[in-house]
Amino acid sequence: MTLHTSTNKGKRILIILKDGRKIIDKFKDKKSGYVITEEYGKIPTNQIKAMTICKQGGREPL
């Protein structure tokens, strides 16, 4: 299944990594093989299990 890794810039997103970690950050860009976020920087797409727009109000991971 194809992983969709693009959304509007500035949207708060939830990224679930293959090792189980969850990251909530703002989306900046998607470049060849990487999702770029505001705080965490470059995240390789081969380490991402799922990415979705985050509707949670706070900054704390789930």
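In what order do the five strands of the open sheet stand? The order is E4-E3-E2-E1-E5, and the pairing is antiparallel.

This is a predicted model, in which local features need pLDDT of at least 70, side-chain atom pairs count only at pLDDT 80 or more, and totals for chains, interfaces and linings use all residues. Residues are numbered from 1 along each chain as its sequence is written, and side-chain values use heavy atoms, with hydrogens and water left out.

**View 1. The five strands form an open sheet.** Strands (E, at least two residues) are DSSP runs numbered from the N terminus, and two of them pair if DSSP finds at least two bridges between them. E4 and strand E5 (48-53) stand at the edges with a single partner strand each, so one side of each has no neighbour in the sheet. On average, neighbouring strands of this sheet are turned by 45° against each other, direction ignored; axes are lines fitted to C-alpha atoms, and angles run from 0 to 180 degrees between N-to-C directions. Strands of a sheet pair through backbone hydrogen bonds, either parallel or antiparallel.

**View 2. Strand E1 lies beside E2.** E1 covers residues 12-17 and pairs with E2 in the antiparallel sense over five bridges. Within this pairing, Ile15 has Ile23 of E2 as its bridge partner.

**View 3. E2 and E3 form a hairpin.** Strand E2 (residues 22-31) pairs with strand E3 (residues 34-37) over four bridges, in the antiparallel sense. Lys30 is found opposite Val35 in E3. Two residues lie between the strands, and Gly33 in the turn has a positive phi of about 85°.

View 4. Tyr34 has Pro44 as its bridge partner in E4, while Thr37 stands opposite Gly41.

**View 5. The largest nonpolar core holds nine residues.** A nonpolar core is a set of buried Ala, Val, Leu, Ile, Met, Phe, Trp, Tyr and Cys residues joined through side-chain atoms within 4.5 Å. Buried means under 20% relative accessible area, exposed means over 50%, and partly exposed is in between (1.4 Å probe, protein chains only). The members are Ile13, Ile15, Leu17, Ile23, Phe27, Val35, Ile43, Ile48 and Met51. E1, E2 and E5 are the elements that give two or more residues to this core, and E1 gives the most, with three. Leu17 touches Ile23, Ile43, Gln47, Ile48 and Lys49, not counting residues up to four places away in sequence; contact means heavy atoms within 4.5 Å.

**View 6. Two salt bridges are found in the whole structure.** A salt bridge is a side-chain nitrogen of Lys or Arg within 4 Å of a carboxyl oxygen of Asp or Glu. Arg21 forms one with Asp19, with the closest N and O atoms 3.0 Å apart. Arg21 is partly exposed at 49% relative accessible area, whereas Asp19 counts as exposed at 54%. Asp29 forms a salt bridge with Lys31, with the closest N and O atoms 3.4 Å apart. Asp29 is partly exposed at 22% relative accessibility, and Lys31 is partly exposed at 47%.
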